[in-house]
Each structure stands twice: as C-alpha cells, then as structure tokens.
Amino acid sequence: GVTADPALYARAKDIGDRYGVTIRIADQCALTYNLFAAYEVSTTAYIMYALDVMEQALAQYPAGYFEQLKFGNIQSIYFDLIGGLHPSDNSVYGGTYAGITLEQPGCYTVALDVYTLTENNVYHEVTHMTDGKLSWDAKLRSDALFSEEAWNKLLPEGFAYAYTYQDLTGSSIWDYVNSGYFVNDYACRYPAEDRATMVEMAMMGNEYIYTANPYLGAKLDYYSRCIRDCFNTDGWPEVTAWEKILKQ
C-alpha cells in the first residue's frame with residue numbers, strides 16, 4: 001500500500017500476524033464485495049482508531065482461534081478497513097452497513113466500516129465465520145453437537161426467522177422480539193444473525209441483555225458447547241470471553 005502512512009501498514013501487518021489474519025487498509029482493500037461496495041479510507045486518525053479496535057477485539061479470542069477458522073478450502077482471513085459500506089445495486093436493503101462477512105473461494109473477507117467500527121462489530125462478524133466452521137464440521141462428523149435442528153429447539157414455540165433484511169415493523173416477528181429469547185429484532189432475521197448478536201453481547205459483558213432475556217443464556221450455553229466440540233481447545237482458558245457471562 002502507498003496511500004496511507006507507512007507506519008499504519010506495518011502496524012496492520014503486525015496485528016494480523018499475531019492472530020493469523022490479514023488486516024488490509026487504504027489502497028490494499030478490495031472495495032467491492034459481492035453486492036456491496038465501499039470507498040478507501042486513508043486518513044491516519046481513522047485507521048489508527050480502527051486498528052486499536054481490531055487489536056483489542058482479536059485479543060479476546062483464544063490463541064490459535066483464527067487458524068482454526070481456516071477450514072475446508074478457506075486458507076486466508078481478510079479484514080478490510082473501509083468506509084461507506086453500502087449495497088452496490090440499489091437493493092431494497094438500502095443504507096450503510098457496519099460490516100459484512102463473505103465466504104469466497106479460498107478465503108473469508110470481512111469488510112468493516114471504520115466510521116462506525118466498535119468491538120461489537122468485530123465480534124459479530126467473527127461469529128459469522130464461526131458459524132461457517134460449525135456448519136462445515138457438522139457435515140463431516142455425524143456426532144457433531146451443532147445442528148440447526150438442535151438450535152431451533154431453543155427458540156420460542158411458533159417462531160420462524162424472517163429470512164429478510166427488510167423492515168419487520170408490523171410483521172408477526174414483532175410478537176417475539178421481546179419474548180426473552182432475542183437480543184433485538186435484528187436477531188430475528190436469520191439464525192446466523194441471532195447467534196452473532198447473542199455472542200457480541202456476551203463478549204461485551206452486557207449483563208442487562210442477558211438479564212432482560214432469560215432464555216438467551218440457554219442458547220449461548222449450547223452455542224458455546226458446540227464451539228468446544230468443534231474446535232481443538234488445547235491451551236484455551238477454562239472460560240472464554242463469550243462464556244464469562246454464563247458464569248455470572
């Protein structure tokens with residue numbers, strides 16, 4: 001890269017090397033992501049802030065976690081620190097996005113908007129990659145703990161995910177948003193978004209969310225056990241960052 005301060009590229013590489021990922025900044029970023037697009041950010045202050053967030057967030061995962069997210073044909077994990085992430089096709093989804101995760105040939109690519117970036121966003125997108133690992137593992141091992149069928153048994157009776165990012169106002173989904181099972185309405189859209197919002201709140205230590213939604217803990221407990229069943233946990237702490245809230 002040449003459009004940002006050379007020291008920023010060096011720091012991005014250092015952080016990435018420590019955790020087994022590649023952090024791309026400024027002109028290193030792809031800028032087009034399937035149906036999404038973004039623009040380059042080369043301002044030092046924004047990149048420095050984004051790298052601070054990345055360093056803090058990645059450090060919360062057990063050693064070697066991201067190496068284990070390289071499964072099947074996934075050989076690399078890219079985090080692109082960009083700006084103005086938005087649908088490129090004027091789709092009905094509209095607006096700008098904090099982040100997206102794409103599984104592409106040979107890699108995962110995570111695009112994160114530096115203008116809205118928080119640790120929550122990183123945890124959310126990493127959970128999408130974790131979901132991919134669990135699903136892949138479940139196809140290989142007949143005794144894998146994770147399955148969508150088992151997950152669905154933890155949901156309220158009669159509930160079905162919306163399977164859309166369109167506005168849910170006035171839909172039957174709203175009857176379940178405050179049922180005690182979900183972080184928010186966004187979690188009711190897809191199973192993967194449910195799990196991602198659940199994990200990000202746990203990693204941020206948001207006790208209020210878990211107190212206000214008493215059935216959320218059972219979902220997190222199951223998901224945590226699935227991760228331990230799927231991953232090699234040698235050297236992991238007895239309680240991971242996402243499991244701490246279960247012990248409180």
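Student: Which residue forms a salt bridge with R11, and how far apart are the closest N and O atoms?

Tutor: General idea: side chains of opposite charge can pair when their charged atoms come close. The cut-off here: a salt bridge is a side-chain nitrogen of Lys or Arg within 4 Å of a carboxyl oxygen of Asp or Glu. In this case the partner of R11 is D52, with the closest N and O atoms 2.7 Å apart. The pair links distant parts of the chain: R11 sits in helix α1 (residues 6-19) and D52 in helix α2 (residues 44-58), 41 residues apart. Helices (H or I, at least four residues) and strands (E, at least two) are DSSP runs, numbered from the N terminus.

Student: What should I know about the source of the coordinates?

Tutor: This is a predicted model: local features need pLDDT of at least 70, side-chain atom pairs count only at pLDDT 80 or more, and totals for chains, interfaces and linings use all residues. Residues are numbered from 1 along each chain as its sequence is written, and side-chain values use heavy atoms, with hydrogens and water left out.

Student: Which residues are linked with R11 in a network of salt bridges?

Tutor: D14, R18, D52 and E55 join R11 in that network. A search of the whole structure finds 16 salt bridges.

Student: Is D194 buried or exposed?

Tutor: First the scale: buried means under 20% relative accessible area, exposed over 50%, partly exposed in between (1.4 Å probe, protein chains only). D194 is buried, at 0%. K219 is buried too, at 0%. These two form a salt bridge, the closest N and O atoms being 2.8 Å apart. K219 lies in helix α9 (residues 216-230) and D194 in helix α7 (residues 191-203), so the pair ties together parts 25 residues apart in sequence.

Student: What are the relative accessible areas of E67 and K70?

Tutor: E67 has 44% and is partly exposed. K70 has 24% and is also partly exposed. They form a salt bridge, with the closest N and O atoms 3.2 Å apart.

Student: How many helices and strands does the protein have?

Tutor: Nine helices and six strands. The radius of gyration is 18 Å, close to the 18 Å that the globule rule gives for 248 residues, so the protein is as compact as a globular protein of that length. That radius is taken over C-alpha atoms; the rule is 2.2 Å times the number of residues to the power 0.38.

Student: What share of the residues counts as buried?

Tutor: Of the 248 residues, 50%.
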